[in-house]
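Thanks for coming. I will go through one model this morning, starting with the single chain and ending with the contact between the copies.

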Protein chains: 2
Amino acid sequence: MILDRVNMPKDIKTLSIAELKVLATEMRELIIKKVNTIGGHMAPNLGIVEATIALHYVFDSPKDKIIFDVSHQCYPHKILTGRKEGFLNPENYLKYTGYTAPEESEHDIFKVGHTSTSISLATGVAKARDLKDEKGNVIALIGDGSLSGGEAYEGLNNAAVLDSNMIILVNDNDMSIAINQGGLYSNLKELRETKGTSSNNFFKTLGFDYIYVENGNDVEKLIETFEKVKDIDHPIVIHMQTLKGCGLLQAEQNKEKFHWVCPGILDEQSAVPCSVETYDSITTDFILEKAKVDKSVLAITPATPGATGFTQEFRSALGKQFTDVGIAEEHAIAYASAMAKCGAKPILAILSSFVQRTYDQLSQDLCLNNSPMTMLLYWGAISGADCTHLGCFDIPLISNIPNMVYLAPTCKEEYLAMLEYAMTQTQHPLAIRVPFGPVVSSGKKDDTDYSQLNKFKVEESGEKVAILGLGNFFKLAKEVKTELKAKLDIDATLINPKFITGLDEELLENLKENHSVIITLEDGVLDGGFGEKVARFYGNSDMKVLNYGATKDFTDRVPLDVLYERYRLKKELVAADVDKLL
Amino acid sequence: MILDRVNMPKDIKTLSIAELKVLATEMRELIIKKVNTIGGHMAPNLGIVEATIALHYVFDSPKDKIIFDVSHQCYPHKILTGRKEGFLNPENYLKYTGYTAPEESEHDIFKVGHTSTSISLATGVAKARDLKDEKGNVIALIGDGSLSGGEAYEGLNNAAVLDSNMIILVNDNDMSIAINQGGLYSNLKELRETKGTSSNNFFKTLGFDYIYVENGNDVEKLIETFEKVKDIDHPIVIHMQTLKGCGLLQAEQNKEKFHWVCPGILDEQSAVPCSVETYDSITTDFILEKAKVDKSVLAITPATPGATGFTQEFRSALGKQFTDVGIAEEHAIAYASAMAKCGAKPILAILSSFVQRTYDQLSQDLCLNNSPMTMLLYWGAISGADCTHLGCFDIPLISNIPNMVYLAPTCKEEYLAMLEYAMTQTQHPLAIRVPFGPVVSSGKKDDTDYSQLNKFKVEESGEKVAILGLGNFFKLAKEVKTELKAKLDIDATLINPKFITGLDEELLENLKENHSVIITLEDGVLDGGFGEKVARFYGNSDMKVLNYGATKDFTDRVPLDVLYERYRLKKELVAADVDKLL
């Protein structure tokens, strides 16, 4: 294997073009095997193999700095920068993260996992270089999909006026995670079709020098191009066309499905229709039904339809009642808020980690205007995810904004009742934290009147201790109740708060009569969250309050059971705390 | 006066062009007089008088919907939509807000005060119209300065593919609040210079139809143009060149100074250099001194240099060590974070209300990467500001992000010591909440070692009650201490927390020995803030905790003393609460 001789970037600089091509094949095989084994980003990495080889062949990392957008396409880069063992031996498959990680290698400049950041980061790297009178190339590698994000544009606008070296390598594979959306993509298409010669050129209007590379999977062509721009004294965009999933036929033919894959994707038998009910399927069924009878119902995704169960079939069935705004979360909120203000019924599905892009839009475009839009928050939970994709910060982010009503259902029936309420109410912005995990059923229809805001539900009355189990953690609350009975003979009161954004002050006041301890359980970070508000409420009283949730921390792929232990999110640990207190 | 005959948009539709021109002059005079009397946005409103008249002449508001970006240019619109009394009679000057306000008029669609939102909002309005099979034009009015914001671009990208009526009126006066920044502005200049004929056209690359209007202060020309596009069946950009400050010579000649003005701007004598020390001047003096000895020091503003005391002289003195990134707050954080990561010393000055644009960048680009950048947070305080520009939400926004260190100085000496620490430390992102109000001096140098994180300072030891007075409210804490002594004969402990992002757990633990009540005072919203963390800490103990701060609410121009009364932020009210508790 050529790869036997390659450990670091310098090792490829003496290889022939023919050897580099073999190397590309070897790397591709490793990536396919590893991703098929443990899951991960398949198609983005297959498309960028040649460009990564050419970058390390021409430029001198880490003196020259390569900044990856999203960085889910950094696997080839990791192979070439001292980390091939993470791909060669299945025992080491989990040794390195799926994103750039400075603690792993000096060739990784930033921890990155959200899109559209590379150009701004690169502009800062270049400006620091200039102020410190240093040398070196700064290269931002960004996909066409990421270019729709506002931060990418703000970066482009500023990078363009940087009066020194800056290379923006646009990896145009004509795909975001799903199909690209928006006016920009007609221009990229025109540029591809004219081999970059059209006078109608988005990048040039912003002031960039520009080069087009027709085949971004041709390592020889890429090397030639990169050598031309190396040490250039001004900002330039290299627009290269690549094939997403290149080298794996199934991925080339089904780019969305192969963007990120679960283990065993290549071993799958012919698709068997999935009959298991999930919160995704409950949601899409609900939307389809509503959309049929009300033509103003619109489902919106910011470029992550797959992650929220918005399948191809679902999108097709909705037709004009579905909008993918592309990677444009800020726009998504303002757009949906305006629709709701005008009497339509937008339903925005967004992941907890990506809603972080929208604080000001939630505040100004949405809540200040009190528009009755519906936002469904997915993947909001403490998890073993990468540090770049944690879903534990949305409660502090969303729930401290005035006017917002943020609901936490604990079962299918509540979720459906809340969805129903969302479609009929016209009073305020409504967000629902979609339950995480397998569907739970209470077995009975929920006929709560959710227009009575901040009414918590007492599921079982007891005394001494009251347990507030929010959303996903209602299950844990029930376990704690059982444990308290078994170990301490306490008949605890069990409460399902349902509302994250406000307290049921009357109920909390009444609990003072025959309770001395309140336990709050929330599936997210404690700082700025739900439990602290309960603690504040009882601050002037004798009530003891124990808040359970996550510590303020960027955890990185820490197994969930380790986190639960660390945060004492276990029935026996909570019971022990209560025992100590009483 | 022509205006005597004009109350609502329909009244201008029968006027002749000559009469419309007189009307413009009359409106301009009213605006100048009012703004010179009570302060407000001068130049933006003077520039848009003719366009506003032409819009209401041609289109039929509110069936046709005009959506204002920032909406600080809506004064002429208010005059023409039933609210001229707010401009005619000084007694009514405060009757209407300086921004669009749906509660005032059906001609105002949204509450808006932040930039770059209009296109996204308009796209939502248009989509709702289409889904509901309604008719009418949707017009977004946006300034050239706002076009650098990411949300504007995300909106453009999506508006371009809307297959129906959408008119984006770009009000190009070649100015943001300060000078425009970024590659886009070369293109706008090229378009102005070629009267829109250049083939290099930013808007066309995104797929828009496009018309250029050379003189956007020529009401006749504008009417002609608007009539051409009325009821158009696809998205179009009208790029009109206007003169910011038009009709007021001083404003035309000094656009930045006249963007927003204090009362009496026109009555000012020749400028007397201001010799009063402010936190702004302390900051700029500090930066200038540091920048001289360290060439990697860079001051950054996202288009609001004036609001943070970054004067023309300051900017000139810094030269390449100053960057105005334009309205691009997201970029600003990523850019500064990257610089800090590369060993430079960026100092970003940003207003509390606008930092809201950057939650995800603070989280991902900055804190996850633990870059030692310095962020100075201005105007962070409970205030009588418009609901669109409140500065009371930054503590929950910033302080719940892992790795961030957010400091709250209480006087000049502490502020300087914290700035000094910011420039030397390399451990974590550092934000300082610049004190609000006149400079306070402790009279003695602060030699605290701020690398010892989360060490609160006990200013005076006492017993029974401990008062934690955070930042701006340390002054109130001292007053409360005096009041407690006078009224209840309590020698309270007085604590200056200094750190917003973490608790001094050792100190708080020790307070349990001889204190039974803790008071927290913070100049911001309570929800998700500092005091709640203290309440959580003491949740399992007998300590009583009273949290003081603002209620979660969008207050709108409510006088500060009313708010302080409402929130019980007065020494005698706090003392009364303590009395009740003991």
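**Overall shape of chain A**

Chain A has 582 residues, and a compact globule of that length would have a radius of gyration near 25 Å; the value for chain A is 26 Å, so the two agree. Keep in mind that this is a predicted model. Along the principal axes, the C-alpha trace of chain A spans about 80 × 55 × 50 Å.

As for burial, 59% of the 582 residues of chain A count as buried. On contacts, take those in chain A with a separation of 6 or more: 78% of them join residues 24 or more positions apart. The secondary structure of chain A comes to 23 helices and 18 strands.

**Domains**

Where are the domain bounds in chain A? Domain 1 runs over 2-266, domain 2 over 279-433 and domain 3 over 457-581.

I will look at one pair, domain 2 and domain 3 of chain A. Their centres, taken over C-alpha atoms, are separated by 27 Å. The contact between them takes 23 residues from domain 2 of chain A and 27 residues from domain 3 of chain A.

Which elements supply at least two residues each to the domain 2 side of that contact? In chain A these are α17 (394-399) and β12 (405-407). The most comes from α17(A), which gives 4 residues to the side of domain 2 that touches domain 3. Sorted by class, that side of domain 2 of chain A has 14 nonpolar, 6 polar and 3 charged residues.

**The two copies**

The last point is whether the surfaces match. Of the interface residues of chain B, 99% are also interface residues in chain A, so the copies meet through the same surface.

Notes
Residues are numbered from 1 along each chain as its sequence is written. Chains are lettered from A and ligands numbered from 1 in the order in which they are written. This is a predicted model: local features need pLDDT of at least 70, side-chain atom pairs count only at pLDDT 80 or more; totals for chains, interfaces and linings use all residues. The radius of gyration is taken over C-alpha atoms; the globule rule is 2.2 Å times the number of residues to the power 0.38. A residue is buried if 20 or more other C-beta atoms lie within 10 Å of its own, exposed if 12 or fewer, and partly exposed in between; C-beta atoms are placed from the backbone. Two residues are in contact if their C-beta atoms, placed from the backbone, lie within 7 Å. Domain bounds come from an automatic or database domain assignment. Ala, Val, Leu, Ile, Met, Phe, Trp, Tyr, Cys and Pro count as nonpolar, Asp, Glu, Lys and Arg as charged, and the others, Gly among them, as polar.
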